[in-house]
Structure formats: C-alpha cells, structure tokens
Amino acid sequence: MPKQFDLLVFDWDGTLMDSAAAIVASIQAASRDIGVDEPSDAAARHIIGLGLNEAIAALFPDLAQADYLRLAERYRVHFMAQDAEIPLFAGADETIRELHEAGFLLAVATGKGRRGLDRVLDHTGLRPYFHATRCADESFSKPHPQMLLELMERLGATPDKTLMIGDTSHDLQMAQNAGVPSLGAGYGAHPREGLLEFSPLACADSFTELRTWLREHA
C-alpha cells in the first residue's frame with residue numbers, strides 16, 4: 001500500500017521514552033528543595049510536553065523570579081541525575097529504525113531543551129534516524145504550532161502528509177493548530193480522554209499498539 005504520510009513527527013518524553021514518572025519526581029523534588037508547595041502527580045503530569053519555563057509558570061504562577069530560577073536549576077539537577085537510566089518504551093528503537101528504512105521522513109518536536117535532546121539522542125543511538133528536530137528552547141512552546149511548521153518547511157512536507165504522534169494534549173493541540181493530523185499515545189503522561197478531545201486519528205493504549213497502527217495505516 002502507498003504511504004499515507006511522508007513525515008512522522010514524534011514527541012519524545014512519554015511517547016518514545018518512558019520518562020513521565022521521572023519528570024514528575026524531579027519537579028516534586030525541586031519544589032521541596034526550594035521550599036514551595038509540592039504539586040500533585042496529576043498537576044505535574046499535566047505540564048509534561050511544555051517547555052520548562054512554561055511548565056514552571058503553569059505550576060507555580062506566583063513564584064518569585066529568584067525562586068523560579070532556583071527551581072529550574074534544581075529540576076535539571078534531579079532529572080539529569082537519572083536521565084541516562086530512563087528507558088525507551090519497549091520496541092521504540094526498532095520502530096524508529098523500521099520507519100526510517102521504510103522511507104519515512106522522521107522528526108522530533110519536544111518540550112526538552114536542545115542540550116537535553118542531543119544528550120538523549122546520542123545515548124539511545126537514534127540520532128541518525130531523525131531528519132530534523134525542534135526543541136522548546138529554540139521555538140515557541142507547545143501548543144503553539146511553530147515547531148511543526150518549521151519541521152514541515154525544512155523537510156518539504158505538507159500538513160496533510162504529516163502526522164504528529166504524542167502523548168499529551170499539548171502535542172495534539174499543536175497538531176490541530178498546525179492543521180496536521182495526529183496519533184495519540186494513550187499510555188503516556190496525559191489521560192486518554194484528554195487526548196480524544198483533539199480528535200486524533202487513533203489513540204494507542206500501548207507502544208505495541210502504536211507501532212501496529214503505524215505499520216498498518218501510516
């Protein structure tokens with residue numbers, strides 16, 4: 001069957017990498033470090049996918065600027081202490097290689113900063129398989145469409161031939177804002193019902209299910 005899409009754009013945390021719990025724990029530990037109220041698991045999970053600045057502003061809207069900078073730094077310390085040990089979802093590396101070999105253009109649009117994404121691309125060995133990447137510290141944060149628009153422009157893809165794959169409402173709203181169809185990863189940071197509000201083509205309940213959908217429909 002001919003491919004339905006030319007460009008597949010993946011979110012990273014919670015979609016390819018099983019990192020949602022580590023992000024939540026790092027945010028909570030950072031808040032304890034600086035003596036502010038610790039966010040609930042649900043609140044911390046909701047900001048996954050945003051850039052770090054936007055995430056902190058959403059969780060701690062009344063935080064003083066000095067504490068804001070301290071919290072960001074403490075978050076980075078806690079997360080970087082464990083990020084080399086955080087696994088990809090089972091089958092994710094094989095799936096990326098398989099899609100690359102099948103001739104898809106592959107990209108990443110992530111709330112990570114550039115240094116963090118570069119580090120994890122090298123650690124996982126997946127850097128050679130992605131044709132382009134965009135990060136929150138070099139673009140507007142999700143759900144603004146800038147990351148997707150720039151990736152499509154760089155790789156010569158049109159919205160109807162591009163698919164955004166992500167586990168948060170921020171990912172799917174970004175796709176909607178860019179006029180791009182989406183595929184929900186319902187096993188990640190945000191509840192399935194929140195993803196369905198943005199009318200993805202499908203919502204996978206496991207990475208295995210997501211992989212099967214891509215094989216059969218992408």
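Modeller: For helices, an axis is a line fitted to C-alpha atoms over the stretch in contact, and angles run from 0 to 180 degrees between N-to-C directions. This is a predicted model, where local features need pLDDT of at least 70 and side-chain atom pairs count only at pLDDT 80 or more, while totals for chains, interfaces and linings use all residues. Residues are numbered from 1 along each chain as its sequence is written, and side-chain values use heavy atoms, with hydrogens and water left out.

Colleague: OK, at what angle do H5 and H10 pack?

Modeller: About 10 degrees, with the axes of H5 (residues 92–101) and H10 11 Å apart. That makes H5 roughly parallel to H10 (under 35 degrees; over 145 is roughly antiparallel, 65 to 115 roughly perpendicular, the rest oblique). The names come from DSSP runs numbered from the N terminus: helices are H or I with at least four residues, strands are E with at least two.

Colleague: Which residues in H5 and H10 meet?

Modeller: On the H5 side there are Ala 92, Glu 94, Thr 95, Glu 98 and Leu 99, and they meet Phe 207, Arg 211, Leu 214 and Arg 215 in H10. Meeting here is contact, with heavy atoms within 4.5 Å.

Colleague: Is Phe 79 buried or exposed?

Modeller: Phe 79 is buried, with 6% relative accessibility (buried is under 20% relative accessible area, exposed over 50%, partly exposed in between, using a 1.4 Å probe and protein chains only). Tyr 75 is buried too, at 13%.

Colleague: And why is the pair of Tyr 187 and Phe 207 edge-to-face?

Modeller: Because the ring planes of Tyr 187 and Phe 207 are at 70 degrees, with the centres 6.3 Å apart. This pair links distant parts of the chain: Tyr 187 is in the loop between strand S5 (182–185) and helix H9 (192–196), and Phe 207 is in H10 (residues 207–217), 20 residues apart. Phe 207 is buried at 5%, and Tyr 187 is buried at 17%.

Colleague: New topic: what does the side chain of His 190 reach?

Modeller: The backbone oxygen of Arg 45, at 3.3 Å. His 190 sits in the loop between S5 and H9 and is buried, with 5% relative accessibility. Beyond neighbours within four places in sequence, His 190 is in contact with several residues, including His 46, Asp 167 and Leu 195.

Colleague: Where is Asp 11?

Modeller: In the loop between strand S1 (7–10) and helix H1 (20–34). Asp 11 is buried at 2%. Leaving aside neighbours within four places in sequence, the contacts of Asp 11 include Asp 167 and Lys 142.

Colleague: What kind of peptide bond joins Lys 142 and Pro 143?

Modeller: A cis one, with omega about 10 degrees. Pro 143 lies in the loop between strand S3 (132–135) and helix H7 (146–155).

Colleague: Last one: is Ser 199 buried or exposed?

Modeller: Exposed, with a relative accessible area of 59%. Ser 199 is in the loop between H9 and strand S6 (203–204), and its phi is positive, near 50 degrees. Most residues other than glycine have a negative phi.

Definitions and conventions. Phe/Tyr/Trp six-rings, centres within 6.5 Å; stacked < 30°, edge-to-face > 60°. Polar contact = N/O pair within 3.5 Å; in protein donor to acceptor, adjacent residues only side chain to side chain.
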